[in-house]
Amino acid sequence: MDTTSALRFACIATALLAATAASAQITYRWEDPRSGITVISDRPPPPGTRDVTVTEGPSIAAEQQQLPYALRQASEKFPVTLFTSANCGACEQARALLNGRGVPFSEKLLTSQEELTALGRQLGGDAVLPSISVGRQNAAGFAAPRWNELLDFAGYPVSAPYGFKPAAAPSQ
């Protein structure tokens, strides 16, 4: 590697590291002694403030910006919840369908009959696992064409965007 290429590589690596560091955010939390209100801010508290909690991590805005615009819009308007049970082959197929399309979703692992009954009331019939909720629309049981129809209507992509990290099965 010649000197010019090595210098370019070093500059690019430095820029990438700086961009990664910029996405981290420091958050300060303290109680205002005058008003008694808990303050959460990205700016340090006034000097002499006691019991300050400092948290460092990626900002929510930075995490949201990683999703493509259309996917962000769909997930805000039509959040997806997957209802599953342990050792369920169809649940794995359902999770694979959502991950293959790049759909961000929350997964609820149902472990009791009471939870299953509550899901049945929510769906307006018998609860069959896996089930899905896309915004206010629901589908009981895994039927890929029906699930794809719901996801298409909500504006989710047909395939996962570049760099999408698929969700794993929940731990039991």
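**Exercise 1. Where is the place of Asn87?** Then work out how its backbone and surroundings look.

*Solution.* Before starting, keep in mind that this is a predicted model.

Step 1: Find the neighbouring elements. Asn87 sits in the loop between strand S4 (80-84) and helix H4 (89-101).

Step 2: Check the backbone. The phi of Asn87 is near 55 degrees, a positive value in a residue other than glycine. That's worth a second look because most residues other than glycine have a negative phi.

Step 3: Check the surface. Asn87 has 77% relative accessibility, so it counts as exposed.

Step 4: Look at another residue of that loop. Ala86 is also found between S4 and H4, and with 35% relative accessibility it counts as partly exposed. Now jump along the chain: Ala86 and Thr111 are 25 residues apart in sequence, yet their C-alpha atoms are 7.7 Å apart in space.

**Exercise 2. Find the disulfide and describe its geometry.**

*Solution.* A disulfide is a covalent bond between the sulfur atoms of two cysteines.

Step 1: Count. Searching the whole structure turns up one disulfide.

Step 2: Name the partners. Cys88 is joined to Cys91, with 2.3 Å from S to S.

Step 3: Get the handedness. The angle about the S-S bond is 75 degrees, and the link of Cys88 and Cys91 is right-handed.

Step 4: Ask about cover. Cys88 and Cys91 are both buried.

**Exercise 3. List the salt bridges and say what each one connects.**

*Solution.* Step 1: Count them. The whole structure holds three salt bridges.

Step 1: Take Arg95. Its partner is Glu107, and the closest N and O atoms are 2.7 Å apart. Arg95 belongs to helix H4 and Glu107 to strand S5 (residues 105-109), so this pair ties together parts that are 12 residues apart in sequence. Arg95 is buried, at a relative accessible area of 10%.

Step 2: Take Asp152. It forms a salt bridge with Arg101, and here the closest N and O atoms are 2.6 Å apart. This pair links distant parts of the chain, since Asp152 is in helix H6 and Arg101 in helix H4, 51 residues apart. Arg101 is buried, with a relative accessible area of 5%, whereas Asp152 counts as partly exposed at 44%.

Step 3: Take Glu149. It pairs with Arg146, the closest N and O atoms being 3.1 Å apart. Both are in helix H6 and three residues apart, so about one helical turn separates them. Glu149 is partly exposed at 49% relative accessibility, and Arg146 is partly exposed at 32%.

**Exercise 4. Which residues of helix H3 are buried, and how are they arranged around the axis?**

*Solution.* Step 1: Pick out the buried ones. In H3 (residues 69-77), they are Leu71, Arg72, Ala74 and Ser75.

Step 1: Look down the axis. The buried residues fall within an arc of 165 degrees, so they line one face of H3.

Step 2: Turn to the other face. Away from the buried side, H3 carries the exposed residues Tyr69, Glu76 and Lys77.

**Exercise 5. Describe the largest nonpolar core and where its residues come from.**

*Solution.* Step 1: Start with the members. The core has 17 residues, and those touching the most other members are Val80, Leu98, Ile132, Val134, Trp147, Leu151 and Tyr156.

Step 1: Find the top contributor. H6 supplies the largest share, four residues.

Definitions and conventions. Residues numbered from 1 in each chain as written. Predicted model: local features only at pLDDT ≥ 70, side-chain atom pairs only at ≥ 80, totals over all residues. Heavy atoms only, no water. Disulfide = S-S within 2.5 Å. Buried < 20%, exposed > 50% of the residue type's maximum accessible area, 1.4 Å probe, protein only. Helix = DSSP H or I, 4+ residues; strand = E, 2+ residues; numbered from the N terminus. Arc of directions from axis to C-beta. Core = buried A, V, L, I, M, F, W, Y, C linked by side-chain atoms within 4.5 Å. Salt bridge = Lys/Arg side-chain N within 4 Å of Asp/Glu carboxyl O.
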